[in-house]
Amino acid sequence: MAALDHAANGAIVRVAAVGDLHCTRTSAGAFHQLFTQVSGAAQMLLLAGDLTDTGLPEEARILARELAALHVPGIAVLGNHDHESGHKTEIVDILSGAGLTVLDGDTCEVQGVGIAGVKGFAGGFGPHALGSWGEDVIKVFVREAVNEALKLEAALARLQTDQKLVLLHYSPVQQTVEGEPREVFPFVGSSRLEEPIGRFPVAAVFHAHAHHGRPDGETKDHVPVYNVSMPLLARAFPDQARFRLIDVPVEQPSPEPVEGRR
């Protein structure tokens with residue numbers, strides 16, 4: 001379990017995070033224990049995309065039934081697998097009906113912690129990032145990465161909380177995808193997502209997608225980045241539950257003075 005720097009006069013909100021559940025048509029019962037464990041350990045759950053395996057409504061309905069075991073707020077973004085079959089809107093409706101808050105350039109607040117969420121996109125990192133030059137299809141690809149970064153920036157700008165978390169599917173940094181074949185680096189994240197994170201006081205970033213990456217990294221401004229892909233967590237922490245726990249400090253409001261009676 002990781003802990004961010006504690007505020008001097010504050011409380012702790014414990015955040016659980018995991019991604020890449022890949023719920024299939026045969027996954028009934030597969031996540032009940034996970035959600036039960038989260039409910040006993042944390043005050044919210046962040047789900048970092050690829051909630052379904054092939055983006056089918058039937059898969060989302062199975063996951064929705066599993067979510068009955070979750071008794072803390074659940075916040076999610078979709079992943080590339082959730083878009084596979086063209087039923088994004090229906091999947092969001094099904095999971096929202098089960099109590100999940102699904103973000104796509106949106107924000108929410110839980111116990112004084114603000115969450116900004118987007119799926120993100122691919123394109124690569126740093127000097128090796130794909131540029132918008134050449135064929136129209138390349139420009140469309142890069143524009144999608146830029147648009148996701150702009151959505152994230154707009155969401156962060158709307159958050160008024162002292163503590164801000166970013167929830168993604170694709171990685172904003174190369175560190176947490178290292179372990180994947182280098183040939184796929186351009187397809188598991190984009191450093192364009194790192195740019196808006198550096199413009200705001202973000203406490204931590206969570207993503208998934210890179211099943212064979214590394215669990216921990218940071219942005220160039222030293223914001224912690226956690227790869228919470230479930231297959232990665234199973235391999236990196238075999239003796240622990242299949243989610244990360246992060247303690248986020250929140251300021252407690254000072255009590256208002258009470259005037260004495262005269």
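Me: Which residues touch the most other members of the largest nonpolar core?
Reply: Of its 57 residues, Phe-35, Leu-46, Leu-95, Ile-115, Leu-165 and Phe-206 do. A nonpolar core here is a set of buried Ala, Val, Leu, Ile, Met, Phe, Trp, Tyr and Cys residues joined through side-chain atoms within 4.5 Å. Buried means under 20% relative accessible area, exposed over 50%, and partly exposed in between, with a 1.4 Å probe and protein chains only. Apart from this core lies another, of 17 residues, among them Ala-155, Leu-159, Leu-168 and Val-173.

Me: What sort of model is it, and how are residues numbered?
Reply: It is a predicted model, where local features need pLDDT of at least 70, side-chain atom pairs count only at pLDDT 80 or more, and totals for chains, interfaces and linings use all residues. Residues are numbered from 1 along each chain as its sequence is written, and side-chain values use heavy atoms, with hydrogens and water left out.

Me: Back to Ile-115. What does Ile-115 touch?
Reply: Leaving aside residues up to four places away in sequence, Ile-115 touches Met-44, Leu-46, Ile-75, Leu-103, Asp-106, Thr-107, Cys-108, Val-110, Leu-159, Leu-165 and Leu-167. Contact means heavy atoms within 4.5 Å.

Me: Leu-46 is in S3. How many residues of S3 are buried?
Reply: Strand S3 (residues 44-48) has 5 of its 5 residues buried. Met-44, Leu-46 and Ala-48 lie on one side, with Leu-45 and Leu-47 on the other. Strands (E, at least two residues) and helices (H or I, at least four) are DSSP runs, numbered from the N terminus.

Me: Which strand does S3 pair with, and in what sense?
Reply: S3 pairs with S4 (residues 74-77) in the parallel sense, over 4 bridges. Two strands pair if DSSP finds at least two bridges between them. Leu-46 has Ile-75 as its bridge partner, and Leu-47 stands opposite Ala-76.

Me: And on from S4?
Reply: S4 is joined to S5 (residues 100-102) by 3 bridges, and the two run parallel. Ala-76 stands opposite Val-102 there. The chain crosses from S4 through H3 to S5, and this β-α-β crossover is right-handed. With the strands pointing away from the viewer, right-handed means that the path from the first strand over the helix to the second runs clockwise. S3, H2 (residues 57-66) and S4 also make a right-handed β-α-β unit.

Me: Are the faces of S4 covered or open?
Reply: Both are covered: Gly-74 and Ala-76 on one side and Ile-75 and Val-77 on the other are all buried.

Me: Why call H2 largely enclosed?
Reply: Because 7 of its 10 residues are buried. They are Pro-57, Glu-59, Ala-60, Ile-62, Leu-63, Ala-64 and Glu-66, and they pack against H1 and helix H3 (88-97).

Me: What is buried in H1?
Reply: In H1 (residues 32-41), Leu-34, Phe-35, Val-38 and Ser-39 are buried. They are on the same side of H1 because they cover an arc of only 135° around the axis, taken from the directions from the helix axis to the C-beta atoms. The face turned away from that side carries the exposed residues Gln-33 and Gly-40.

Me: Change of topic. Which residues other than glycine have a positive phi?
Reply: Among them are Asp-20, at about 60°, and His-209, near 80°. Most residues other than glycine have a negative phi. Asp-20 lies in the loop between S2 (10-18) and H1 and is buried, with a relative accessible area of 2%. His-209 lies in the loop between S9 (202-207) and S10 (216-218) and counts as buried at 14% relative accessibility.

Me: Last one. How many disulfides does the structure hold?
Reply: It holds 0 disulfides, a disulfide being a pair of cysteine sulfur atoms within 2.5 Å. Cys-23 counts as buried at 0% relative accessibility, and Cys-108 counts as buried at 16%.
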